[in-house]
Amino acid sequence: MKNKQLKSTKRLFIGLFFMVLSGLNTLEAQEVTDTYYTVSGVVRDAVSRRALSFVDVLVTGTNIATVTNQDGYFLIKIDKGVKASEVMLHCMGYQSVRIAVNGNDLPSGTYLMIPSVKLLDATIVEGWDADRLVEEAVARIEMNYSNTSALLTGFYRETIQKGRRFIDVSEAVMNIYKTSYSRMDVGQDRVQILKGRKLVSVRTSDTLGVRILGGPNIAIFLDVVKNVDILLDDEARSQLRFTLEPSTVIDDKSQFVVRFDPGVVVSYALNYGKLYIDKATLAFTRAEFYLDMSNKDKVTQMILRRKPAGLRFNPEEVYVLVNYKQQEGKTYLSYIRNEIKFSCDWKRRLFATNYTATSEMVVTERAEEHVVQIPRGSAFGTWESLSNKVMNFYDEDFWGAYNIIEPTESLESAVSRLRRQAR
């Protein structure tokens with residue numbers, strides 16, 4: 001028999017946000033080099049001029065990638081030794097954009113994406129039942145995803161906001177070892193922190209002492225195609241109700257959109273959201289879902305690991321976004337984001353304080369040859385805190401040639417304020 005409560009926790013993500021102020025550890029900084037050139041700019045909707053966030057930014061013919069931030073801005077670094085002719089922008093519901101490159105820095109520009117006309121194929125839509133469609137897509141995972149072990153390089157950022165004010169920012173470049181998707185088991189997958197930095201508020205009132213689920217291991221446990229326990233194994237699917245919605249387009253390819261909602265009542269909170277499935281290959285290309293908040297006690301049991309006595313914890317929203325990209329006939333993990341919104345108040349106090357804990361990870365490189373598993377002793381533990389493993393912000397060129405998710409304007413302002421406080 002499966003331990004339902006343990007499995008329901010696994011169905012979210014293992015690892016921790018430690019919302020406490022702690023001492024500093026150091027990691028060696030990488031020297032800045034001149035071995036790369038950059039392409040940067042802001043991506044906007046061609047009609048509304050609205051900035052587009054989480055747009056995939058890919059160097060054609062390579063495994064180099066990043067995403068736009070919430071302001072629509074990106075900067076991607078390309079090694080001068082790499083033969084690249086263009087950078088591609090892909091976003092759900094839009095036509096892809098090509099940016100020609102020539103080995104030199106390009107001036108930062110504005111790139112407009114044109115909304116796609118939905119590519120509906122009535123014959124295909126009528127031929128599928130939502131449950132059967134998901135079942136068939138699961139059956140094709142081994143065919144559609146990598147059948148070899150891979151070593152990914154990713155950039156990870158976690159932030160904690162108190163109201164609108166950032167009180168904690170931690171970032172890291174990490175390696176992610178993934179076994180073949182034919183295993184559909186994350187037991188041997190591991191994360192290793194290569195370098196990182198953090199800034200935390202020095203205000204005593206910002207020391208909350210709450211531990212909630214999250215952390216760099218989202219790269220393993222929120223890969224919903226590999227970690228099928230979350231949504232896609234037989235047991236998980238039996239607890240959900242699937243319905244087909246109108247199709248959309250991702251990367252110029254028509255996609256089925258399957259909505260899912262809780263279909264039964266169980267002892268733990270279930271998820272609701274949408275799955276996006278490529279019509280041609282039946283590969284899962286995107287998953288977007290929320291934790292059902294109808295019973296907040298169940299949610300609290302799943303996401304809260306520790307809190308001070310006398311502190312009341314109230315979960316408000318748990319959101320997850322997982323994106324995959326297609327390349328050379330296979331589909332690969334590209335981006336994960338999760339947000340946990342909650343409020344806390346001390347007994348006998350009148351007002352609660354709102355918090356938002358956000359973590360996001362983008363895969364910036366991928367290698368599938370001569371891959372060696374990350375040693376267990378070097379792996380990031382499932383109960384470790386990133387904040388205890390990285391150093392303080394100090395160097396604007398800290399990341400060197402690594403690709404990252406560029407900070408938003410609001411985050412840059414917050415970092416400046418936290419730096420001043422720490423002096």
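Asp251 and Lys253 form a salt bridge in which the closest N and O atoms are 3.5 Å apart; a salt bridge is a side-chain nitrogen of Lys or Arg within 4 Å of a carboxyl oxygen of Asp or Glu. The model is predicted: local features need pLDDT of at least 70, side-chain atom pairs count only at pLDDT 80 or more, and totals for chains, interfaces and linings use all residues. Residues are numbered from 1 along each chain as its sequence is written, and side-chain values use heavy atoms, with hydrogens and water left out.

Asp251 is buried, with a relative accessible area of 16%, whereas Lys253 is partly exposed at 33% relative accessibility. Here buried means under 20% relative accessible area, exposed over 50%, and partly exposed in between (1.4 Å probe, protein chains only). Another salt bridge joins Glu288 to Arg286, again with 3.5 Å between the closest N and O atoms. Arg286 counts as buried at 13% relative accessibility.

The whole structure contains 19 salt bridges. In one of them, the side chains of Asp189 and Lys226 meet at 2.8 Å, N to O. This pair links distant parts of the chain, 37 residues apart: Asp189 lies in the loop between strand S10 (165-178) and strand S11 (190-200), and Lys226 in the loop between helix H5 (218-221) and H6. Helices (H or I, at least four residues) and strands (E, at least two) are DSSP runs, numbered from the N terminus.

Asp189 is buried at 6% relative accessibility. Lys226 is also buried, and its relative accessible area is 0%.

## Glu360 and its network

A network of salt bridges links Arg157, Glu171, Arg197, Arg337, Glu339 and Glu360. Glu360 belongs to strand S20 (residues 353-367) and is buried, with 9% relative accessibility.

The side chains of Glu360 and Arg337 are joined by a polar contact of 3.1 Å. A polar contact is a pair of N or O atoms within 3.5 Å; within protein, one must be able to donate a hydrogen and the other to accept it, and residues adjacent in sequence count only if both atoms are side-chain atoms. Leaving aside neighbours within four places in sequence, the residues in contact with Glu360 (heavy atoms within 4.5 Å) include Phe54, Phe155, Tyr335 and Ile405.

## Helix H3

Helix H3 (residues 130-139) has the buried residues Ala130, Leu133, Val134, Ala137 and Val138. Seen down the axis of H3, these residues fall within an arc of 135°, so they line one face of the helix; the arc is that of the directions from the helix axis to the C-beta atoms. An α-helix has 3.6 residues a turn, so residues three or four places apart point the same way.

The elements against which the buried residues of H3 pack include helix H4 (141-144), helix H6 (234-238) and strand S13 (240-250). At the N-terminal end, H3 is capped by Asp129, a side-chain oxygen of which lies 3.0 Å from the backbone nitrogen of Asp131.

## Strand pairing

Strand S2 (residues 36-45) and S5 run antiparallel and are joined by seven bridges; two strands pair if DSSP finds at least two bridges between them. Tyr36 stands opposite Asp79 in S5. Five of the seven residues of strand S5 (residues 73-79) are buried, so this strand is largely enclosed by the rest of the structure.

Four strands form an open sheet with antiparallel pairing, in the order S4-S3-S6-S7. Strand S4 (65-67) and strand S7 (97-100) are the edge strands, each pairing on one side only. Within this sheet, four bridges connect strand S6 (residues 86-90) to S7, and Val87 has Ile99 in S7 as its bridge partner.
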